[in-house]
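These are my notebook entries on one protein chain.

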Amino acid sequence: MKQKKTPLSTPPVAPPPPERMPKVYVTRTIEFNAAHRLFNPKFSEEMNTRVYGKCANKYGHGHNYQLEITLGGTVDPETGYLFDLKELKKILEEEVTARFDHRHLNHDVPELEGLVPTTETLAVLIWDILEERIAAIDNREISLQAVKLHETGKNSVSYLGE
Ligand code: NI
């Protein structure tokens, strides 16, 4: 015969709800102007023209680049921010504007030496520069999520660090 269960005198205390840690993504957009020539010295002149078209013209040409930088992480409960955008603005001025704005990418940027300065190459370089800088600034879970570089209004390259 089953023993009759006696009800507990007090209901069990429910555990507190877990603290909500929403993950958000914040994007800042900046612009810079730079010149480049798409030319691979390993290719013949004819091959360069075939691959790069007008972009291989001898003295280069300019672009008004638009760069979108996306950070991701949890919201700081004290400030309500993911990250202080004034700080991000300063980092982008130091690391991107100072390095690329009004430069000739084939000649003025040591990090691009020996590379064909396509938008793809530039997006990956910008990622590498910023990822290191952003990883160093804060001990909260903030990280670089995406670099999107628009070369023209129609063409852009995204790099997500893979
Ligand atoms: Ni171009």
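**Overall form**

I compared the radius of gyration with that of a compact globule: for 162 residues the globule would have a value near 15 Å, but the protein has 25 Å. The radius is taken over C-alpha atoms, and the globule rule is 2.2 Å times the number of residues to the power 0.38. This is a predicted model, in which local features need pLDDT of at least 70 and side-chain atom pairs count only at pLDDT 80 or more, while totals for chains, interfaces and linings use all residues. Residues are numbered from 1 along each chain as its sequence is written.

I then took the box along the principal axes, and the C-alpha atoms fill roughly 95 × 40 × 25 Å. Buried residues (20 or more other C-beta atoms within 10 Å of their own, against 12 or fewer for exposed and in between for partly exposed, with C-beta atoms placed from the backbone) make up 17% of the 162 residues. I also checked the range of the contacts (C-beta atoms, placed from the backbone, within 7 Å). Among those between residues at least 6 apart in sequence, 72% join residues at least 24 apart.

**Elements and helix packing**

I counted three helices and five strands; these are DSSP runs numbered from the N terminus, with helices (H or I) of at least four residues and strands (E) of at least two. From the N terminus the order is β-α-β-α-β-α-β-β.

How do H2 and H3 pack? Helix H2 (residues 85–100) and helix H3 (residues 119–137) meet at an angle of about 140 degrees, their axes 11 Å apart. Axes are lines fitted to C-alpha atoms, for helices over the stretch in contact, and angles run from 0 to 180 degrees between N-to-C directions. H2 and H3 are therefore oblique to each other, given that angles under 35 degrees count as roughly parallel, over 145 as roughly antiparallel, 65 to 115 as roughly perpendicular and the rest as oblique. On the H2 side I found Ile91, Glu95 and Val96 in the contact, and on the H3 side Ile126, Ile129, Leu130 and Arg133.

**Annotated binding site**

I looked up the UniProt record, an unreviewed entry, whose "binding site" annotation covers His36, His61 and His63. These residues span 28 residues in sequence, yet no two of their C-alpha atoms are more than 8.2 Å apart, so they gather at one spot. UniProt positions are in the numbering used here, feature names are shortened, and annotations may be inferred rather than shown by experiment.

His61 lies in strand E2 (residues 61–74) and counts as exposed, with 11 C-beta neighbours inside 10 Å. His63 is also in strand E2, but with 18 such neighbours inside 10 Å it counts as partly exposed. Beyond its neighbours within four places in sequence, His63 contacts Ala34, Glu151 and Thr152.

**Annotated active site**

For "active site", the unreviewed UniProt entry lists Cys55, His102 and Glu151. I placed Cys55 in the loop between helix H1 (45–52) and E2; it is partly exposed, with 16 other C-beta atoms within 10 Å. Glu151 sits in the loop between strand E4 (143–150) and strand E5 (156–159) and is partly exposed, with 18 C-beta neighbours inside 10 Å. Not counting residues up to four places away in sequence, Glu151 touches His63, Tyr65, Thr119 and Ser156.

Note on methods
Two residues are in contact if their C-beta atoms, placed from the backbone, lie within 7 Å.
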